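Open the model in your viewer and keep the selection panel at hand. The stops below go from packed helices to cores and domains.

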Amino acid sequence: MENGNILDLLHKAVEKGENLGVNFIEARYDDLNLTTINYTNEIIKQSSSLSRKGIGIMAYYQGTPGYSYTPELTLEGVKEATIRAAKLAKSTDSRNKIKLDFDSIPTIKEKIEVKVKKHPKDFEFADKLDMLKRGVTAVKEQLEVTTTIGLYGEIYGEKYLVNSEGTELYWVPLMVDIRMGGVVISEGKQSQGFTGWGASTGLEFFEEKETTPEITGTNAGTYCKEQLEAVAAPSGKTKTLVSPQMGGVVVHESFGHLSEADFVVTGQSPIADRVGEELGSEHVTIIDEGVSPYGGLYLPYDDQGIKTGRTVLLEKGILKGYLHNRGTAKKMNSELTGNSRAINFMFNPIVRMKNTYFEKGDLTFEEAVEHVNTGVYAVDMSGGQVGLDGNFMFNCSRGYLIENGEVTKPIKNTALSGNILELLKYVEGGTKEVTIKTGYFGGCGKGGQGGLPVGFGGPDMIMDKVLVGGAQ
Amino acid sequence: MVLEKLRSEILEVADLALKYAKDMSIQTAEAYIIKNSLTEVKYSKGKTECRDGMLQGIGIRVAEGKKVGFATCAGFAHDSIKSTLANAHKIAKNRPEDPRFSGFISDSKPGKEGILDTNITELDTETLVGHLASLVKEADIDDQRLVGADIEVGTQWGGFAVATTEGCLVSSLNTAHYGTVYSVAMGQGERSTAFDFKVGRTIQDLSGLGSNAINKAFKHLGSKPLGKSLKLPTIWEPLTASMLLSTTFQVGLNGGTVVEKQNPLMHKLNEQIATKDFQLNDDGTIPTKISSEAIDAEGTTIGKTEIVKDGVLKSFLFDNFYGPIFGTKSTGNAQRNEPTRYENMPAISPNKLVLQPGTKNKDEQIAAYDKAIFIEGFPMGMGHSNMITGDFSITATNAYLVEKGEIVHPLKPVSIAGNFFESLMKIQHIGSDPVDLPFPLESSTLTIDGHTVSS
């Protein structure tokens with residue numbers, strides 16, 4: 001469908017909604033293309049090409065939302081969806097005690113085209129498969145493995161948004177990702193190494209020094225090899241150096257979700273009504289950002305058409321604010337933060353994170369390791385569980401002992417657990433280098449909308465009193 | 001009427017996809033078409049959120065010889081169908097041959113369709129909001145211990161069709177109505193959560209769900225630590241028992257992993273795997289169950305498969321890919337994962353595993369023990385178990401100490417460690433109180449010996 005036709009359909013939806021007596025309409029068009037290749041044991045175990053194209057309509061009636069959607073890109077389909085959205089908003093209004101209406105903002109008309117050198121749509125399936133083959137070769141050069149894993153994922157497309165304020169937005173999401181892994185299962189020994197990440201760029205990302213398939217494969221093989229000689233982790237409360245990816249997951253899962261204002265306005269978050277309180281040590285500053293100088297996910301606008309900015313959640317340990325959609329920002333008299341996001345057109349936007357990370361500290365890596373002196377360097381994780389009260393448990397899949405101020409032996413898989421609101425008080429510093437990870441695989445899950453790309457990271461952070469679970 | 005119209009539409013789209021395949025010189029293809037109306041209304045501490053829409057999409061598999069490609073699209077636009085066929089074809093050409101691929105279904109006769117309730121298709125938004133309002137009213141109590149309740153009601157209706165170039169063209173319809181309440185209570189710094197729900201193919205009477213969920217949360221306040229690690233009999237309420245056994249059998253019955261030699265039960269066919277009173281069937285034909293369909297996700301007729309008889313494992317479950325490799329036919333257990341289904345390739349999963357009830361209900365089982373642990377709700381960590389060895393260690397947040405045949409007090413979270421497969425041989429009681437649950441397996445209250453329980 002031509003761009004002009006899409007904008008026309010979206011404007012028709014807004015017009016229809018307003019004629020139905022609702023106060024505000026957001027009409028969104030998503031056209032997302034997802035490709036996945038699973039190359040296990042040098043066979044394409046699975047490969048898929050998904051097209052998610054459709055229109056979502058959010059209607060607001062006196063601060064009560066109603067959402068409907070349609071994959072039918074026709075005037076009839078869009079009008080029908082608008083009628084349903086308006087009806088839902090009006091029907092539930094009498095039951096809605098927390099009205100999240102919002103103030104008008106100036107109209108935005110912006111079209112953002114991102115130029116990349118090697119857009120994945122311009123490359124053949126065989127080119128992408130070839131990268132996985134190169135990565136697998138590198139895994140095998142490190143050790144004899146039982147299983148090799150190569151994953152490739154890409155997402156690209158277009159997003160349009162039109163609303164009752166006359167805003168017209170267009171931008172292009174993009175993400176490419178490669179993961180490599182090796183597994184050894186032999187008599188009495190099991191080991192796994194798995195690594196890699198993605199970026200909001202073209203395939204040139206896999207030509208950069210640290211992210212070529214060869215380097216990712218070599219790393220996966222090396223980590224797998226290390227695990228064969230891994231020792232048991234210590235048990236009990238341990239001073240821990242937490243890597244950017246490990247710390248990033250902890251800050252996203254444990255703290256970030258507590259700061260999402262839909263959870264705050266209802267009073268359910270344990271950090272509700274605590275702005276200005278000291279929740280962490282002076283070494284903790286937590287940021288959520290749409291387009292970050294540290295890389296990660298590229299997200300210029302959210303799904304309510306709000307320009308994403310840099311939101312300071314915690315500054316030197318003091319709670320500064322929350323993550324908002326337009327309604328919660330008005331309700332809590334806060335600045336707009338651009339955190340209203342939906343996984344695709346079939347879902348209403350809800351408050352979600354963007355790139356969430358610990359801000360940098362002032363230590364070198366060596367100084368940080370020396371500071372820990374005796375403890376654990378937790379680098380990567382696989383799986384875990386978090387509670388709404390800040391409790392968390394993550395499986396540390398790659399980590400090392402720190403002995404006498406040096407990183408020494410690899411440790412076996414172990415659980416790291418604690419409560420984030422306690423743990424933040426025991427942060428003793430961070431390094432100068434911030435890294436933000438993002439990717440096609442994994443992603444954030446909330447409200448039935450799993451797999452939303454986000455970024456997370458930080459520097460290497462020193463945290464005391466992390467409960468290390470010992471060998472599993 | 002609405003449902004039959006929908007059936008005609010999805011069959012037409014399925015047929016159209018095959019016509020386009022022929023036009024594009026694609027020899028072998030399978031089209032999975034789904035159209036489902038979804039409406040959900042949620043309420044959380046005074047805030048409402050609602051969504052509805054028509055989930056509709058197509059998943060297409062194209063075979064180029066023995067090379068299979070898969071692609072999907074949302075909606076039924078003709079251009080999208082053509083580009084999806086082209087994408088699947090492109091992927092197929094690039095994949096290596098899988099000599100084990102034996103083709104798509106060539107012939108199928110739809111089995112028994114479950115109950116279809118036209119009241120669900122006709123249910124208007126106002127009525128659904130009324131269902132929500134009743135539950136909100138139940139949760140609106142003047143008790144400071146209640147932190148809040150998250151409530152959701154909704155409907156789903158629609159169907160799916162499968163067509164293949166080999167001559168299969170079949171469909172299945174369904175309707176569902178549900179309500180859920182998740183409650184949180186606080187008392188003396190202690191937090192307790194509970195959950196209750198109801199789901200069925202007809203309009204459900206949701207009254208009492210809110211009160212039940214809240215009372216369950218209150219009941220667990222005032223918990224005490226267990227104190228030490230003990231090996232004790234554990235009594236699992238039907239919901240919790242169903243979770244335990246669903247995890248066990250979802251993995252253990254997968255014929256695909258048997259073929260791939262990764263299944264922990266692969267050498268146990270015709271061997272004793274459970275106590276002699278353990279009888280288990282997979283039955284996708286029960287008219288009242290929301291999982292019942294006329295066909296599976298590949299178009300195979302759904303029926304009934306005997307799984308465990310007198311504790312002896314009698315069969316694994318298969319789809320149309322792994323069944324022939326194992327030397328048998330598909331058992332009609334190909335499913336596509338939620339939430340979109342059409343975006344996922346078929347995978348083997350139970351239709352509805354039903355455990356034959358025993359003789360003692362929950363209270364009678366509790367009364368039979370001098371000391372035991374009674375477990376309710378959703379334990380944490382079931383999904384992180386080692387399914388190769390079967391070892392599990394879960395955290396039960398809603399557990400109670402049983403002494404002298406009675407529940408004496410709630411327990412602070414306890415970890416329960418054991419082994420899924422060894423547990424089957426240590427079942428002491430199968431209850432007489434099965435509950436309708438939207439899980440792969442429905443169990444009654446179970447008592448199992450030999451689990452390690454610790455604070």
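A crossing is left-handed if the near helix is turned anticlockwise from the far one by less than a right angle, and right-handed if clockwise. This is a predicted model: local features need pLDDT of at least 70, side-chain atom pairs count only at pLDDT 80 or more, and totals for chains, interfaces and linings use all residues. Residues are numbered from 1 along each chain as its sequence is written, while chains are lettered from A and ligands numbered from 1 in the order in which they are written.

**Stop 1: a helix pair between chains**

Select helix 3 (residues 125-142) of chain A and helix 2 (residues 78-94) of chain B. Helices (H or I, at least four residues) and strands (E, at least two) are DSSP runs, numbered from the N terminus. The two axes lie 10 Å apart, at an angle of about 45°. Axes are lines fitted to C-alpha atoms, for helices over the stretch in contact, and angles run from 0 to 180 degrees between N-to-C directions. The crossing of helix 3 of chain A and helix 2 of chain B is right-handed. Now show A:Phe125, A:Ala126 and A:Leu129 against B:Lys90, B:Ile91 and B:Asn94, which make the contact. Two residues are in contact if their C-beta atoms, placed from the backbone, lie within 7 Å.

**Stop 2: a helix pair within chain B**

Move to helix 4 (residues 125-139) and helix 5 (residues 209-219) of chain B. Their axes come within 7 Å and cross at roughly 35°. This crossing, too, is right-handed. On helix 4 of chain B, pick B:Leu135, B:Glu138 and B:Ala139; they meet B:Leu209, B:Gly210, B:Ser211 and B:Ile214 of helix 5 of chain B.

**Stop 3: the largest core**

Next, select B:Ala14, B:Ala17, B:Ala31, B:Ile33, B:Ile58 and B:Ile373. In the largest nonpolar core, of 96 residues, these touch the most other members. Such a core is a set of buried Ala, Val, Leu, Ile, Met, Phe, Trp, Tyr and Cys residues joined through C-beta atoms within 7 Å. Buried means that 20 or more other C-beta atoms lie within 10 Å of the residue's own, with C-beta atoms placed from the backbone. Helix 1 (residues 2-23) of chain B gives the largest share of this core, seven residues.

**Stop 4: domains of chain A**

Colour chain A by domain: domain 1 (3-37 + 47-112), domain 2 (120-156 + 173-228) and domain 3 (235-471). These bounds come from an automatic or database domain assignment. Between domains 1 and 3 of chain A, 20 residues of domain 1 are in contact with 16 of domain 3. Strand 2 of chain A supplies the largest share of the domain 1 side, five residues.

Conventions
Buried ≥ 20, exposed ≤ 12 C-beta atoms within 10 Å, placed from the backbone.
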